[in-house]
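Please read the following report with the sequence and the three-dimensional model side by side.

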Amino acid sequence: MQDLLDCIEKTFPLSGRHQGSLPARVAQLSRLLTSGRSERERVYLSDPAFLSAYLRYFLPWNVYRLSRLALPLSLKEGDQINDLGAGPLTLALALYVSRPDLRQVALEFRCLDRSPAAMEAGKKLFFALSAGEPCPWKFRLIKGEIRRGGGLSAEIRGDPAAFSAAINVYNELFWDLSPVDKGGLRSFAQHQGRLLSKLTAPTGAILVVEPGIPRSGEFISILRGALIQEGRLPLSPCTHGGSCPMPGGREGRRSSAKWCHFPFDTQDAPRALHALSRAAQIPKERAVLSYLLAGPKAGPAAGHAASTGRVRIISDSFLLEGGFFGRYACGDRGLVLLKGSREELEEAAPGQERELSFTGEIDPKSGAPVGKLAGNTAGNIK
């Protein structure tokens with residue numbers, strides 16, 4: 001990650017005056033990306049000042065988040081990748097940073113974004129980062145965007161891809177949609193599920209990553225169902241292909257208490273990135289995301305015995321009555337409450353997949369079956 005920050009500074013140098021105003025610009029862009037969405041220009045990354053702030057703050061944090069996902073993703077020589085809403089090639093940069101085993105595998109990225117300036121900046125940055133070890137990856141930059149009705153404004157020519165991804169792009173499209181209206185969130189997610197499946201080879205995989213907030217969790221949950229209808233079962237974070245017990249929802253709704261998201265600490269992020277975050281008054285002690293990786297069509301469904309099974313941990317620990325601690329997890333039986341001492345529960349990281357045994361109890365608050373952690377682990381968030 002530090003190499004990426006160094007490349008950003010060398011490739012896109014700032015004068016002293018602009019360095020001084022950078023934290024304020026980052027804070028301004030952060031507001032426009034959240035509470036000030038209605039004031040934001042559609043192609044905000046075409047503005048040089050905003051693009052500079054994005055490259056120095058949002059891009060590194062997004063690469064950091066993606067790099068924490070250890071996905072069961074297999075790519076081979078000659079594979080094509082669709083990157084929808086590519087921005088400054090965040091996906092390619094994250095794969096380069098986190099998957100050195102792929103650096104000499106010839107891949108073609110078909111990048112779609114409404115801001116050519118952002119994609120060109122990302123391409124320039126990528127080749128600066130990989131200059132010491134020439135990389136055979138190719139990039140086809142396409143000016144276009146995702147349409148709410150499930151199409152694209154520009155054609156992606158060629159065969160369906162081995163891997164399609166949409167990283168932090170759908171929230172810009174579903175933010176004002178209602179899940180109960182006919183043209184609302186559910187209809188939008190179903191359109192996008194069909195689009196993603198169509199753009200991806202039957203043997204390929206699909207990745208969608210969004211901010212770890214209740215509304216994103218709701219979209220991810222509905223999209224998961226839409227992709228299952230397309231014959232694409234979830235590979236991660238789900239350990240099963242059954243109903244999603246974490247539907248999320250808009251803030252303020254009762255369902256927003258339970259949504260699939262993964263928080264992790266950022267202690268190993270570069271100091272300079274933390275310093276900029278503090279200067280912009282948006283420190284990042286923890287990073288949070290919601291995501292879905294869907295697999296090939298007609299993939300096998302995961303199955304577990306009734307008394308034991310694998311679950312994905314999806315919450316921090318919290319105090320229960322009687323001095324015990326609990327953590328929520330998700331498995332083929334739906335929501336599960338893990339119960340035990342604080343020490344044994346906090347030994348497992350959020351997002352980790354673990355084996356458990358059920359105790360026969362039912363949590364009176366959530367209605368979830370109660371389980372205890374077994375010893376073996378299989379992580380997906382590092």
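## Basis of the description

This is a predicted model, in which local features need pLDDT of at least 70 and side-chain atom pairs count only at pLDDT 80 or more, while totals for chains, interfaces and linings use all residues. Residues are numbered from 1 along each chain as its sequence is written, and side-chain values use heavy atoms, with hydrogens and water left out.

Helices (H or I, at least four residues) and strands (E, at least two) are DSSP runs numbered from the N terminus.

## Helix α5

Helix α5 covers residues 116-129, and its 14 residues should span 20 Å at 1.5 Å a residue, in agreement with the 20 Å between its end C-alpha atoms; the expected span is 1.5 Å times one less than the number of residues. Its buried residues (buried being under 20% relative accessible area, exposed over 50%, and partly exposed in between, with a 1.4 Å probe and protein chains only) are A118, M119, A121, G122, L125, F126 and L129. They cover an arc of only 160 degrees around the axis, which puts them on the same side of α5, the arc being that of the directions from the helix axis to the C-beta atoms.

An α-helix has 3.6 residues a turn, so residues three or four places apart point the same way. What covers the buried residues of α5, with contact meaning heavy atoms within 4.5 Å, includes α1 (2-11), α3 (48-67), α4 (90-98), β2 (108-113) and β3 (138-143).

In α9 (271-279), the residues L273, H274, L276 and S277 are buried. They cover an arc of only 160 degrees around the axis, which puts them on the same side of α9, whereas R271 and R278 are exposed on the other side of the helix. The buried residues of α9 pack against α1, α2 and α3.

P23, found in helix α2 (residues 16-33), counts as buried at 18% relative accessibility. Although P23 and S277 are 254 residues apart along the chain, their C-alpha atoms are separated by 7.7 Å. When residues up to four places away in sequence are not counted, P23 touches L276, A279 and A280.

## Backbone features in loops

Which residues have a positive phi although they are not glycines? One of them is L89, with a phi of about 60 degrees; its place is in the loop between β1 (80-84) and α4, and at 0% relative accessibility L89 counts as buried. Another is Q281, again with a phi of about 60 degrees, which is found in the loop between α9 and β8, just after α9. At 70% relative accessibility, Q281 counts as exposed.

A cis peptide bond joins S236 and P237, with omega about 5 degrees. P237 lies in the loop between β6 (232-236) and β7 (262-265).

## The cavity

On a 1 Å grid over the protein atoms alone, a cavity is a set of points where a 1.4 Å probe fits but cannot get out, a pocket is an open set with protein on both sides within 12 Å along at least five of seven lines, and lining residues have an atom within 4 Å of a point. Grid points are joined across faces, edges and corners, and a volume is the space filled by probe spheres set on the points.

The count comes to one cavity of 30 Å³ or more, and about 150 Å³ of space lies in the largest cavity. Of the 17 residues that line the largest cavity, R224, P237, C238, C244 and C260 are the closest to its centre. The largest share of this lining, four residues, comes from α8, and α8 (214-229) and β8 (286-297) each supply at least two residues.

## The pockets

The largest pocket has a volume of about 1,000 Å³ and is lined by 47 residues, of which L33, N62, N168, N171 and P211 lie nearest its centre. Its largest share of lining, seven residues, comes from α3.

The second largest pocket has a volume of about 300 Å³. Of the 13 residues that line the second largest pocket, L320, E321, L337, D363 and P364 are the closest to its centre, and the elements giving two or more residues to this lining are β10 (318-319), β12 (334-340) and β13 (353-362).
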